[in-house]
Amino acid sequence: MKTNWLVSSRLWMGMAAILLIGFPFVSDSRSALILLTQIFIYAVFAMSYDILLGYTGIISFGHAMFFGIGAYTTAIFLHRWDHTMLAFLVSLLVVLVLTGIVSYLIGVMTLRLKSHFYAMLTLAVAGLFLVLAEKWRDLTKGSDGFTFYIPDVLKDRTTLYFASFFFMIIMFFLLKRFTDSPTGKVLQAIRENEQRTESLGYQILHYKIIASVVAGLAAGMSGSMYAITLRFVNTAVFGTNVTLDALLMTIVGGVGTLFGSIVGSALILLVHAGLTDLAKIHWIFERWMIFFGALYILAVMFFPQGVVGMLRQWKEKWKRA
Amino acid sequence: MDVLLNLTINGIATGSLIFLLAAGLTLIFGLMHVLNFAHGALFAWGAYFGVWIYTQTDSFLVGILGAIVIGGLLGWLLERWIIQPVYTNTMSQIQVTMGLLLVMNECLKVFFGPNQVSVRLPDYLDQSWLLGGVILIKYRLFVIAIGILVFLGVQYMLKRTRLGLIVRAGVMNKEMVQALGINIKKVFLYVFILGSSMAALGGMLFAPYSGVIHAGIGMDYGILAFIVVVIGGMGSIVGSAMAALLVGVLGAFMTYFVPSVALAVNMLLMFGVLMFRPAGLFGR
């Protein structure tokens with residue numbers, strides 16, 4: 001069957017990519033550039049969450065801990081050691097090792113539990129990390145946080161924009177490769193029916209731990225990049241809100257579709273920026289969490305397939321018609 | 001010695017407050033396997049609205065009654081419109097109730113402003129007695145007394161009434177109860193309302209106990225209640241009472257002697273229980 005060019009998602013993705021690459025050359029809006037950079041980085045964080053929520057079917061309320069570990073590790077390396085590219089790359093390695101160890105340990109200890117307990121326990125562990133970051137003042141400067149210099153190469157906003165953009169593209173293809181791999185297929189089987197997958201002879205726990213580690217590594221890297229864009233880090237990176245942002249982005253964009261996380265990240269951050277602007281008009285918009293929370297509840301209840309899921313449904317209908 | 005005794009009384013009073021929150025949580029989970037992340041928000045709403053009514057009417061008792069009524073009403077609304085549609089779907093349940101917690105906390109900030117609200121005790125409760133070097137604060141004893149009363153009341157309800165019989169049977173085997181022609185959804189609605197009003201009562205009692213309230217107490221005490229429910233065993237009222245006392249007293253001692261690790265100790269306690277005895281200390 002000949003595919004209709006209108007519904008070819010690759011074409012749309014390619015066009016979006018070209019537009020995004022061209023963007024810095026046509027627009028000189030600094031704030032738009034920064035917003036897009038944040039969208040790319042949050043998209044990676046949301047994708048890493050999608051590995052857990054969308055592909056394996058587990059809910060973690062503590063995903064912010066990996067994000068926070070990444071942000072703090074990079075910040076501390078650049079602040080304490082040297083603000084060069086070498087220090088940044090070494091810090092990325094350390095982030096991978098740290099988040100790998102933490103996600104493995106937490107996975108081994110908690111993934112045996114039922115979903116309720118797992119959600120609660122991850123919430124508790126992330127809380128511990130928040131307390132740790134607040135109390136270990138020598139290293140983290142407490143809840144005030146600290147600013148630091150970033151490598152000269154990344155100082156230019158446009159360079160950082162491209163770095164984040166390609167970071168997102170690379171992570172997208174890596175994670176896509178992972179979810180399409182045999183391991184990824186087993187994860188999706190676990191999501192669909194845990195008992196049946198187990199009786200087919202798969203060690204559920206092992207696969208869940210793999211998912212947890214992969215998600216942890218990706219989240220840690222996005223945390224590092226986040227710290228670089230802000231040039232500042234404080235304990236907010238460990239907050240429950242960070243996890244919930246990822247949850248919201250994943251759900252609005254469409255669970256179980258890595259691309260949906262990118263769409264979700266863009267939607268949520270754009271809406272957030274819009275609402276922050278509106279706060280000048282009416283104070284109620286300062287409480288944007290209400291809108292997000294309500295949107296989130298409605299999305300879970302009535303719109304579980306998300307934007308990308310919905311587009312795919314339309315595409316199926318189109319093909320059949 | 002006096003310090004130890006004072007700390008113990010403090011701990012028991014805090015434990016009573018946590019128990020009020022945990023009792024509803026454990027019943028709701030035991031009966032319907034719904035883990036209500038928004039339970040802490042009911043605590044905060046009880047505190048804010050109770051205090052509001054208290055300052056409007058200038059009567060502490062009316063404030064307490066108001067908090068209980070508002071908790072019950074909210075419980076009814078939440079159960080009917082938000083929890084019921086996601087009964088069978090654990091994933092949506094966890095997410096919806098967590099979203100609810102956020103929205104309800106933010107609503108409090110909209111209604112009452114983002115700053116913390118200070119609360120003063122009525123004069124007749126704001127006294128203390130000195131008993132051989134031990135200071136007995138009247139309000140703490142009042143809180144403990146209410147905690148004991150509620151515990152006895154819930155125990156009576158569970159053990160001596162028809163509703164309690166159905167609830168206990170439902171905790172054991174939900175399908176069997178339904179097969180006997182009992183509308184368990186209705187029973188669950190009642191339990192949810194009961195749990196919500198207990199949480200709101202706990203919040204209202206907490207307000208003058210700490211002197212200030214802020215919108216974050218829902219999350220903070222919600223987590224404590226979860227820890228208690230996990231330690232005590234899901235669905236067990238006695239377990240929750242014991243665990244609430246344990247967490248309360250342990251918390252009081254830790255805050256006094258090693259304040260920096262106070263929160264971590266509770267978390268580690270829950271961690272240990274979940275690792276080695278996932279059913280909880282008093283669970284089956």
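1. Helices here are DSSP runs of H or I with at least four residues, and strands are runs of E with at least two, both numbered from the N terminus. On that basis chain B has 11 helices and four strands.

2. This is a predicted model: local features need pLDDT of at least 70, side-chain atom pairs count only at pLDDT 80 or more, and totals for chains, interfaces and linings use all residues. Residues are numbered from 1 along each chain as its sequence is written, while chains are lettered from A and ligands numbered from 1 in the order in which they are written.

3. Overall form of chain B. The C-alpha trace spans about 60 × 45 × 35 Å along its principal axes. The radius of gyration (over C-alpha atoms) is 19 Å, which agrees with the value near 19 Å for a compact globule of 284 residues, the rule being 2.2 Å times the number of residues to the power 0.38.

4. A residue is buried with 20 or more other C-beta atoms within 10 Å of its own, exposed with 12 or fewer, and partly exposed in between; C-beta atoms are placed from the backbone. Buried residues make up 49% of chain B. A nonpolar core joins buried Ala, Val, Leu, Ile, Met, Phe, Trp, Tyr and Cys residues through C-beta atoms within 7 Å. The largest has 181 residues, and B:Trp45 and A:Ala218 are among those with the most contacts inside it.

5. B:Trp45. Contact means C-beta atoms, placed from the backbone, within 7 Å. Beyond its neighbours within four places in sequence, B:Trp45 touches B:Ile70, B:Leu74, B:Met104, B:Leu108, B:Ala200 and B:Gly203.

6. Interface. Chain A and chain B each give 28 residues to the contact. On the chain A side, α5 (115–135), α11 (240–253) and α13 (288–302) each supply at least two residues. The largest share, 11 residues, comes from α5(A).

7. Two backbone points to check. Most residues other than glycine have a negative phi. A:Arg231 has a positive phi of about 55 degrees. A:Arg231 sits in the loop between α10 (204–230) and β2 (232–233) of chain A, and is partly exposed because it has 15 C-beta neighbours inside 10 Å. B:Asp58 also has a positive phi, near 65 degrees. B:Asp58 lies in the loop between α2 (39–57) and α3 (60–83) of chain B, and is exposed, with 10 other C-beta atoms within 10 Å.

Notes. Two residues are in contact if their C-beta atoms, placed from the backbone, lie within 7 Å.
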